[in-house]
Amino acid sequence: MKLFLILLAATTLNALTADTAVKGHLVDISCSSDLGDRPGWGAKHSRKCLQMLPCAQSGYGVLTEDRQVVKFDDKGNEQAKKFIEGITKPNDIQVVVTGSVDGDHMTVSKIELQ
């Protein structure tokens, strides 16, 4: 019985910490708070906007297909800044972000273009 409970606990813990892939548009929290619910806005959101100081300071996240924003942790925000510097695409920045998700927040391990 003890072995069963240990295995159950380990399996549950693994499921809670398992990486999840979230797909959508890379957005800043400032703009997405005001505009994220507008159809097609994620595709129009620009790299230049993502780099503007107020937008960058607000943090980043992924705007999903159902118009929900999954916000990055501090480390993820730093990764996003470096990621944005390394891309040339002017807008429609579709990404796959891997990490652990807790509600509408995400601990980011990797960001890639979709």
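Is R67 buried, partly exposed or exposed? The legends below take up this residue after an overview of the fold.

**Figure 1. Overview of the predicted chain.** This is a predicted model, in which local features need pLDDT of at least 70 and side-chain atom pairs count only at pLDDT 80 or more, while totals for chains, interfaces and linings use all residues. Residues are numbered from 1 along each chain as its sequence is written, and side-chain values use heavy atoms, with hydrogens and water left out. The protein chain holds 6 helices and 5 strands; helices (H or I, at least four residues) and strands (E, at least two) are DSSP runs, numbered from the N terminus. Their order from the N terminus is α-β-α-α-α-α-β-β-α-β-β. Of the 114 residues, 36% count as buried, where buried means under 20% relative accessible area, exposed over 50% and partly exposed in between (1.4 Å probe, protein chains only). Contact means heavy atoms within 4.5 Å; among contacts between residues at least 6 apart in sequence, 65% join residues at least 24 apart.

**Figure 2. Two loop residues with positive phi.** Most residues other than glycine have a negative phi. R67, in the loop between β2 and β3, has a positive phi of about 65 degrees although it is not a glycine. R67 is partly exposed, because its relative accessible area is 41%. D92 lies in the loop between α6 and β4 and likewise is a non-glycine residue with a positive phi, of about 55 degrees. With a relative accessible area of 23%, D92 is partly exposed.

Figure 3. Five strands form a closed barrel in the order β1-β2-β3-β5-β4, with mixed pairing. Neighbouring strands of this sheet are turned by 55 degrees against each other on average, direction ignored. Two strands pair if DSSP finds at least two bridges between them. β4 and β5 pair in the antiparallel sense over 8 bridges; in β5, V108 is the bridge partner of G99 and I111 that of V97. The hairpin of β4 and β5 has 2 residues between the strands, and G103 takes a positive phi near 70 degrees there. β1 and β4 are also antiparallel, over 6 bridges, and H25 stands opposite Q94 in β4. Helix α6 lies across β1, β2, β3, β4 and β5 and runs at about 20 degrees to β5. Axes are lines fitted to C-alpha atoms, for helices over the stretch in contact, and angles run from 0 to 180 degrees between N-to-C directions.

**Figure 4. The nonpolar cores.** In soluble globular proteins, nonpolar side chains tend to be buried together. A nonpolar core is a set of buried Ala, Val, Leu, Ile, Met, Phe, Trp, Tyr and Cys residues joined through side-chain atoms within 4.5 Å. The largest core has 18 residues, of which L26, Y60, F72, F83, V95, V97 and I111 touch the most other members. The elements that give two or more residues to this core are β1 (20-28), β2 (60-63), β3 (69-72), α6 (74-85), β4 (94-102) and β5 (105-113). Not counting residues up to four places away in sequence, L26 touches H45, L50, Y60, G61, F72, F83, I84, I93 and V95. A second, separate core of 8 residues includes V27, I29, W41 and C55.

**Figure 5. S32 in helix α2.** S32 is found in helix α2 and counts as buried, because its relative accessibility is 9%. The side chain of S32 reaches the backbone oxygen of D28 at 2.9 Å. Leaving aside neighbours within four places in sequence, S32 is in contact with V27, W41 and V69.

Figure 6. The structure holds 0 disulfides, a disulfide being a pair of cysteine sulfur atoms within 2.5 Å. C49 is buried at 14% relative accessibility, and C55 is buried at 7%.

**Figure 7. P39 in a loop between helices.** P39 has its place in the loop between α2 (29-35) and α3 (41-44). P39 is exposed, because its relative accessible area is 59%. The C-alpha atoms of P39 and D66 are separated by 9.9 Å, the two residues being 27 apart along the chain.

Terms used. A polar contact is a pair of N or O atoms within 3.5 Å; within protein, one must be able to donate a hydrogen and the other to accept it, and residues adjacent in sequence count only if both atoms are side-chain atoms.
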